[in-house]
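This report describes the ligand site, a pocket and the strand pairing of one protein model. The sequence and structure are shown below for reference.

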Amino acid sequence: MPSLQDRTPQSLLPLRAFADARGTLVAIEGERDLPFPIARVYYIVGLSGEARGFHAHRALDQLLVCVAGSCRLIVDDGIATHEHILDRPDRGLHVKPYQWREMRDFSADCVLLALASAAYNEADYIRDYPTFLAEVTARNGR
Ligand code: TYD
């Protein structure tokens, strides 16, 4: 069984922000600010309003940061579902392996940045929810 701690909703990770009269610089280093190395960066812009995500990864760690605008991030570990509002460039959510994620309710100006622990690998994706539940249940020994 997963521990109670595993079921605790994750809190947003505060990022190192350097604010002065000129503006704010946010710095993120893999393995210093995050519990994983950064192997890949991608960002999503020009969002139409249609929800995205609808997958989990078997091995990938990611930090998701809304560097502009806002969105709703729904994370499901197969036991519980938690919703997070990403609306600050100095807060990110660490989305872990075997967490199903959906992103919705993008503001028109939303820029969603992702820092990922590995190169793109389609074989690492679980894009079918029943398969996700079956794999996560087997992993949890239930
Ligand atoms: P997709 O998985 O549909 O995005 P989302 O998780 O937001 O629903 O990815 C869109 C396209 O981008 C798809 O053809 C795969 C491609 N892609 C890459 O080539 N490299 C990447 O690092 C990522 C994340 C996606």
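## Strand pairing and basis of the report

Two strands are taken to pair if DSSP finds at least two bridges between them. Strands (E, at least two residues) are DSSP runs, numbered from the N terminus. The model is predicted, so local features need pLDDT of at least 70 and side-chain atom pairs count only at pLDDT 80 or more, whereas totals for chains, interfaces and linings use all residues. Residues are numbered from 1 along each chain as its sequence is written, and side-chain values use heavy atoms, with hydrogens and water left out.

## First open sheet

Five strands form an open sheet in the order S1-S9-S6-S11-S4, with antiparallel pairing. Strand S1 (13-14) and S4 lie at the edges and each has a single partner strand, so one side of each is left without a neighbour in the sheet. Within this sheet, S6 pairs with strand S11 (residues 111-116) in the antiparallel sense over six bridges. Gln 62 has Ala 116 in S11 as its bridge partner.

Strand S7 (residues 71-76) and S10 are joined in the antiparallel sense by five bridges, and Arg 72 stands opposite Arg 104 in S10.

Strand S2 (residues 16-20) pairs with S3 in the antiparallel sense over five bridges. Ala 17 stands opposite Val 26 in S3, and a hairpin of two residues connects S2 to S3.

The loop between strand S3 (23-27) and S4 contains Asp 33. The side chains of Asp 33 and Arg 16 are joined by a polar contact of 2.7 Å. A polar contact is a pair of N or O atoms within 3.5 Å; within protein, one must be able to donate a hydrogen and the other to accept it, and residues adjacent in sequence count only if both atoms are side-chain atoms. The Asp 33 side chain also reaches the backbone nitrogen of Glu 29 at 2.7 Å.

## Ligand site

The ligand is surrounded by Arg 40, Tyr 42, Ile 44, Arg 52, Gly 53, His 55, Tyr 120, Tyr 125 and Arg 127, a residue being counted if one of its heavy atoms lies within 4 Å. By class, this shell has four nonpolar, two polar and three charged residues. The classes are Ala, Val, Leu, Ile, Met, Phe, Trp, Tyr, Cys and Pro as nonpolar, Asp, Glu, Lys and Arg as charged, and the others, Gly among them, as polar.

Oxygen atoms of the ligand lie 2.7 Å from a polar side-chain atom of Arg 52, 3.0 Å from a polar backbone atom of Gly 53 and 3.1 Å from a polar side-chain atom of Arg 127. Taken alone, the ligand exposes 540 Å², of which the protein buries 59% (Shrake-Rupley method, 1.4 Å probe). Strand S4 (40-44) and strand S5 (52-57) are the elements that give two or more residues to the shell.

## Second largest pocket

The second largest pocket holds about 220 Å³ of space. A pocket is found on a 1 Å grid over the protein atoms alone, as an open set of points where a 1.4 Å probe fits, with protein on both sides within 12 Å along at least five of seven lines; lining residues have an atom within 4 Å of a point. Grid points are joined across faces, edges and corners, and the volume is the space filled by probe spheres set on the points.

Of the 13 lining residues, Tyr 42, Ile 44, Gly 53, His 55 and Met 103 are the closest to the pocket centre. S4, S5, strand S6 (62-68) and strand S10 (100-104) each supply at least two residues of the lining, and S5 gives the most, with four. The lining divides into six nonpolar, three polar and four charged residues.
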